[in-house]
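Dear colleague,

I am passing on the structure below, and after it you will find my notes on what came out of looking through it. Please read them with the model open beside you.

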Amino acid sequence: MIEFSEEGKRRYQTILSHYPDKRAALLPVLTLAQREFGWISQEVAEYIGKLMSYPPSDVLSVATFYTMLHKKPAGKHHIDICKNVSCWLMGVYPCIDEIKRQLGVEKREVTADGKFSWDVTECLGSCGTAPAMQVGDRYYENLTPARVAEIIEKLRND
Amino acid sequence: MPKFTLNGQEVEAKPGQTIIQAAADHGMEIPHYCYHPDLPIDGNCRMCLVEVEKMPKLTPACTTLVNDGMVVRSENERVKEAVRGVLEFLLINHPVDCPVCDQAGECRLQDYYMVYGLHTSEIPLGMKVRKRKVIDLGPMVVLDQERCVLCSRCIRFFEYVTETGEMQFFGRGDHVAIGTFEDRPLDNPYSGNVVDICPVGALTSRDFRFKCRVWFLHATDSVCGGCSTGCTVRIDHRDGTIFRLLPRRNVEVNRSWLCDEGRLSFHKLSDGERITRPLVKGRDGVQAPVTWEEAARSIDSRLKEIRDTNGAASILGFASPSATNEALFLFKRYLDGLGATQFDFRLDSEDKKLADEEDQILRHFDKHPNSMGAIKLGLMSEQVGGIEGAINAARAGRLKAGVVIYFKPLVERPGDAEAEGRVLALLDELEYSVLLTSHKADWQDSASVVLPVAAWSEEEGTYTNFEGRVQLAGKAIEVEGNALPVWEVFAMLLHASGAESPWMSAEDVFATMADSVSVFSGITLDQTRLPGVVVG
């Protein structure tokens, strides 16, 4: 049986306090769960359901709707790289190829050391500084293949 | 009462009704998938789009309330064009596997395609989004995600009717599919209902799947014999075999629902051998077949003999709470004629304690369809005190003879074997016993006479549910062998005893009952059809 860490439980209570009804807090709690457990497994969905008085099917239904909630294991650093018009025009595809070369895995796969996974995403709202990608909470902008290699190298030693 | 114009005709609606409901009340079906009269309104399928004058766009008839003076059109070209478009969208990823789909013949996709669609699909087969098929969802339901139109009726059923929330949408976009968490089986006593309300072939019945094409089935209106809620049902049958039970909508009793136990209860009828001829025990103590006339004469003379030697109080009438009102009425009339005073029907005093099989939706703890009818007809006496009292009285020699009606319950529960054991004990203690029953069992050797009678679904008759609602159940299939409906057996016995016996049908018996039993007075058989009539 899985459980939030002590810190997670504290954050969970804080999230609840922002909403008039416990059930309304489902999305931020799922985000918290993803931080705690890495991805929303069926076990996690069931745990959240019990915690928030939802049938597990409802939790999974919400989780499967949002692409930023992982439904299968992701790396410690998950890279979301934008492939929409601005980024595309500013040369994101060579950057994507560089990610692939650096990590040696296809999108939505996890590297053998469990450190990385990546996916392409729709617009990150950073068109002025395209191409852009997001790793965890952080944005990396004005990408070039060289810069991508640099960032990955840095994260690898993190 | 708001008045509005529907396709050029001025009609009245009840306050608070939506267009689709008001139209249905006037016999006009507006096409729909997600709308269901007994579920909360969702408005997701867009099939019920209609034109309302002064509204800029077409509007869904299921979510739009009727207003006074509204002008609604549901059959003009603009509406038809829109509905055709919606239907084409719904069919984009549909596998069109009708030849092997169990829903064929009662599928809303097929029906509406013939009325509104008739288009050629522009999606090449290879481009359709494939989803999972033949997913096992427990004892009642099989899921095919490709056929689903995502109307969410099943999801809303589990959310609002059973409040258990087993089913949900998963995924997004054109990959959305319905399902249960981890494909868990639907462990819910009402899960069979989602098969009925599924407008397409996505949810099919594990029990009925591939048994028969629906257009070969004949339907008979009936009442479920599984418990004393008396849900209004339809029996679908062919060539003397019942294939399935479906709920008939009755707002006063079961709305559109039926529990799984009740839905499968008809299988009990084909479980075990039937008795086909009347059997009378000879001097050698062996039951031998006789004709009905011989049986009736022998029973009547023997009962009168016992009455004359031991008094009328030594004759017991032990009824079955599964027999029809008509059966119980003539049963009592015949025994009253003999002067009998000892009546009961309670098979076990434990009945009330088995409350765990009951819930707030439909299922009632009393697994007999007509206990209330037996009570209203005066067949319960504290003097006898249930079957245990009767056994004790017979053992003490106060009861000598008994006429016993016994039907195996259609819904099994713990304690059935004990109840049957008590019937055997009663037969054993009585000097002379007449048993009316439908199915063979070895313990029946103890009875002096065994009479084969029609089981549930084999005769027309009325049942009175726990709240006193009298409902008519039709005859779906023929009785086996020489068996007769219980009321006919007693009509025959009344005739043998020299009393008047003018009844030709259950309807005749009902009319006599309405004349002579005050609780039923003034009711005609016609009034016991949907939704039934509550007696005092």
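**Cysteines, an arginine and the chain contact**

B:C212 counts as buried because its relative accessibility is 8%, which falls under the 20% cut-off. Please keep in mind throughout that this is a predicted model. With a relative accessibility of 6%, B:C231 counts as buried. Over all chains, the count of disulfides by this rule comes to 0. For reference, a disulfide is a covalent bond that links the sulfur atoms of two cysteines.

The next residue I would point you to is B:R248, which sits in the loop of chain B between β13 (241–247) and α6 (260–264). Is B:R248 buried or exposed? B:R248 counts as buried, because its relative accessibility is 15%. Two polar partners can be named for its side chain: the side chain of B:D221, with which B:R248 makes a polar contact of 3.5 Å, and the backbone oxygen of B:S222, which lies 2.8 Å from a polar atom of the B:R248 side chain. Leaving aside residues up to four places away in sequence, B:R248 touches B:D221 and B:S222, and also B:T232, B:V233, B:R234, B:N254, B:R255, B:L472 and B:L530.

Turning to where the two chains meet, 12 residues of chain B are in contact with 13 residues of chain A. Between them the chains bury about 1000 Å², and 54% of that area is on carbon and sulfur atoms. How many salt bridges does the rule find across the interface of chain B and chain A? The rule finds 1, and a salt bridge is formed by A:E46 with B:R184, whose closest N and O atoms are 2.7 Å apart. The count of residue pairs in polar contact between chain B and chain A, with both residues at pLDDT 80 or more, is 7. On the side of chain B that touches chain A, the residues divide into 4 nonpolar, 4 polar and 4 charged.

Key: Residues numbered from 1 in each chain as written. Chains lettered and ligands numbered in written order. Predicted model: local features only at pLDDT ≥ 70, side-chain atom pairs only at ≥ 80, totals over all residues. Heavy atoms only, no water. Helix = DSSP H or I, 4+ residues; strand = E, 2+ residues; numbered from the N terminus. Buried < 20%, exposed > 50% of the residue type's maximum accessible area, 1.4 Å probe, protein only. Polar contact = N/O pair within 3.5 Å; in protein donor to acceptor, adjacent residues only side chain to side chain. Contact = heavy atoms within 4.5 Å. Disulfide = S-S within 2.5 Å. Buried area = accessible area lost by both parts, 1.4 Å probe. Salt bridge = Lys/Arg side-chain N within 4 Å of Asp/Glu carboxyl O. Nonpolar A, V, L, I, M, F, W, Y, C, P; charged D, E, K, R; others polar.
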